[in-house]
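Good morning, and thank you for making time for this item. Please look at the sequence and the model as I speak.

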Amino acid sequence: MRLYVIDRLTNQKQYLSLIANSRSELATQLNHINFYLNEKPNIVYSVNEVMAEKDTHYSVPGAIVGGLLGLIIGPEGIILGAAIGGAIGFSTDKNDEQKVATFNSSWAS
């Protein structure tokens, strides 16, 4: 999961180098509900403006790794390894989606 704010000058996402499961947790890490981006010290942002998005898609890499590991066993191993790797990646994707939804529905006070 990646955290970002929309830069008010460029209207582009500015990613934060912090990890938090909720906006309250983020405020605790920052020691305040308001913060500055390093590049824009004159613009104050609130942790309630921070959004989360999924970091990457894990299903395809998981299937590829599983398939490569399956090469050791043979054709059946490739299919089985890819299926297991894809299932693990899919589970990781779903877990990341849940973390994003939890963060985006949280509020800090």
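Of the contacts in the chain with a separation of 6 or more, 57% are between residues 24 or more positions apart, a contact being heavy atoms within 4.5 Å. Please note that this is a predicted model, in which local features need pLDDT of at least 70 and side-chain atom pairs count only at pLDDT 80 or more, whereas totals for chains, interfaces and linings use all residues. Residues are numbered from 1 along each chain as its sequence is written, and side-chain values use heavy atoms, with hydrogens and water left out.

The chain contains three helices and five strands, and their order along the sequence is β-β-α-β-β-β-α-α. These elements are DSSP runs numbered from the N terminus, helices being H or I with at least four residues and strands being E with at least two.

The chain has 109 residues, and 33% of them are buried. Buried here means under 20% relative accessible area, exposed means over 50%, and partly exposed lies in between, with a 1.4 Å probe and protein chains only. The chain exposes about 6,900 Å², of which carbon and sulfur atoms supply 62%; accessible areas come from the Shrake-Rupley method with a 1.4 Å probe, and for residues only the protein chains shown count as cover.

I turn now to the interior. In soluble globular proteins, nonpolar side chains tend to be buried together. Which residues of the largest nonpolar core touch the most other members? They are Leu 3, Leu 16, Leu 26, Phe 35, Val 50 and Phe 103, in a core of 16 residues. At least two residues of this core come from each of strand E1 (2-6), H1, strand E3 (34-37), strand E4 (40-46) and helix H3 (75-104). By a nonpolar core I mean a set of buried Ala, Val, Leu, Ile, Met, Phe, Trp, Tyr and Cys residues joined through side-chain atoms within 4.5 Å.

Phe 35 deserves a moment. Neighbours within four places in sequence aside, Phe 35 is in contact with Val 5, Leu 16, Leu 30, Ile 43, Val 44, Tyr 45, Ser 46, Val 47 and Val 50.

Helix H1 covers residues 23-30, and its buried residues are Arg 23, Leu 26 and Ala 27. Seen down the helix axis, these buried residues of H1 fall within an arc of 100°, so they line one face of the helix; the arc is that of the directions from the helix axis to the C-beta atoms.

Next, the backbone. Most residues other than glycine have a negative phi, and most peptide bonds are trans. Asn 31 sits in the loop between H1 and E3 and is exposed, at 70% relative accessible area. Asn 11 has a positive phi of about 60°. The position of Asn 11 is in the loop between E1 and strand E2 (13-15), where Asn 11 is exposed at 61% relative accessible area.

Let us move to charged pairs. Side chains of opposite charge can pair when their charged atoms come close. How many salt bridges does the structure hold? There are four, a salt bridge being a side-chain nitrogen of Lys or Arg within 4 Å of a carboxyl oxygen of Asp or Glu.

Arg 2 and Glu 53 form one of them, with the closest N and O atoms 2.6 Å apart. Arg 2 lies in strand E1 and Glu 53 in strand E5 (residues 51-53), so this pair ties together parts that are 51 residues apart in sequence. Is Glu 53 buried or exposed? Glu 53 counts as buried, at 15% relative accessibility, while Arg 2 is partly exposed at 32%.

Glu 53 also forms a salt bridge with Lys 13, again with closest N and O atoms 2.6 Å apart. Since Lys 13 lies in strand E2 and Glu 53 in strand E5, the pair ties together parts that are 40 residues apart in sequence. Lys 13 is partly exposed, at 37% relative accessibility.

Glu 97 and Lys 54 meet in a further salt bridge, at 3.3 Å from N to O. Glu 97 belongs to helix H3 and Lys 54 to the loop between E5 and helix H2 (59-70), so the pair ties together parts that are 43 residues apart in sequence. Through shared partners, salt bridges join Arg 2, Lys 13 and Glu 53 into one network.
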